[in-house]
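Hello,

Here is the structure I promised to hand over. My notes follow it.

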Amino acid sequence: MTERTFSIIKPDATRRNLTGKINAVIEEAGLRIVAQRRVKLTDAQAKKFYEVHAERPFYGELVEQMTAEPVVVQVLEGDNAVLKYREVMGATNPDNADEGTIRKLFALSIGENSVHGSDSLENAGIEIAQFFKDEEIVG
Ligand code: ADP
Ligand code: MG
């Protein structure tokens with residue numbers, strides 16, 4: 001089934017000029033980038049986006065990292081895009097990520113792990129709506 005998922009290229013990656021290299025991995029995996037914008041997240045945006053992790057010890061550090069420098073927000077489209085992108089990203093901790101995944105290739109640490117991807121179709125819809133209007137997504 002064709003799905004859409006939400007992706008963020010995080011500040012650790014934009015800082016190192018890796019947007020193109022990460023997009024190449026995404027496209028080579030058969031996912032299409034159907035919307036994309038570079039933006040500097042506000043504190044409020046980052047806090048809201050990661051609200052589910054508010055009680056976790058790393059929440060403050062996570063919000064700080066996500067707002068430190070620009071990110072690239074994206075909508076990816078393809079067959080089983082949600083699960084497919086989770087596979088392309090690799091495990092949260094790059095030490096556990098499979099060879100060839102974005103996090104194995106580029107992540108610096110479990111916190112600075114280069115990309116975000118939605119964890120369910122339902123959350124993908126919610127996350128996409130936080131950053132894109134329907135008419136900004138061109139499949
Ligand atoms: P994922 O991004 O793989 O879905 P989570 O949703 O569990 O992972 O966590 C969200 C983000 O919070 C991670 O991508 C990472 O940047 C950060 N994070 C998760 N666990 C830790 C941790 N133990 N220490 C520091 N940062 C973490
Ligand atoms: Mg997650």
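Ser114 counts as buried, at 0% relative accessibility (buried means under 20% relative accessible area, exposed over 50%, partly exposed in between; 1.4 Å probe, protein chains only). Ser114 sits in the loop between helix 6 (102-106) and strand 4 (115-117). Helices (H or I, at least four residues) and strands (E, at least two) are DSSP runs, numbered from the N terminus. The phi of Ser114 is near 70°, positive in a residue other than glycine. Most residues other than glycine have a negative phi.

Asn17 also has a positive phi, about 65°, and is not a glycine. Its loop runs between helix 1 (11-15) and helix 2 (19-28). Asn17 counts as exposed because its relative accessibility is 70%.

Before the rest, the ground rules. This is a predicted model: local features need pLDDT of at least 70, side-chain atom pairs count only at pLDDT 80 or more, and totals for chains, interfaces and linings use all residues. Residues are numbered from 1 along each chain as its sequence is written, chains are lettered from A and ligands numbered from 1 in the order in which they are written, and side-chain values use heavy atoms, with hydrogens and water left out.

**Ligand 1**

Which residues are around ligand 1? They are Lys10, Tyr50, His53, Phe58, Leu62, Arg86, Thr92, Arg103, Ile110, Gly111 and Asn113 (a heavy atom within 4 Å). Lys10 places a polar side-chain atom 3.0 Å from an oxygen atom of ligand 1. A polar side-chain atom of His53 is likewise 3.0 Å from a ligand 1 oxygen atom. Ligand 1 alone exposes 530 Å², and the protein buries 79% of that (Shrake-Rupley method, 1.4 Å probe; for residues, only the protein chains shown count as cover).

**Cores**

The largest nonpolar core has 20 residues (buried Ala, Val, Leu, Ile, Met, Phe, Trp, Tyr and Cys joined through side-chain atoms within 4.5 Å). Phe6, Met66, Val73 and Phe132 touch the most other members. Helix 4 (59-68) gives the largest share of this core, four residues. Apart from it lies another core, of 16 residues, among them Ile26, Leu31, Val72 and Leu76.

**Helices**

In helix 4, Tyr59, Leu62, Val63, Gln65, Met66 and Thr67 are buried. They pack against strand 1, helix 1, helix 3 and strand 3 (contact: heavy atoms within 4.5 Å).

Helix 5 (residues 81-89) buries Ala81, Val82, Tyr85, Val88 and Met89. Down the axis of helix 5, these fall within an arc of 125°, so they line one face (the arc is that of the directions from the helix axis to the C-beta atoms). Leu83 and Glu87 are exposed on the other side of helix 5. Just after helix 5, Gly90 has a positive phi of about 90°.

Asn23 is in helix 2. Is Asn23 buried or exposed? Asn23 is buried, with a relative accessible area of 10%. Beyond its neighbours within four places in sequence, Asn23 contacts Ile9, Ile33, Gln36 and Gln74.

Best wishes

Terms used:
A polar contact is a pair of N or O atoms within 3.5 Å; within protein, one must be able to donate a hydrogen and the other to accept it, and residues adjacent in sequence count only if both atoms are side-chain atoms.
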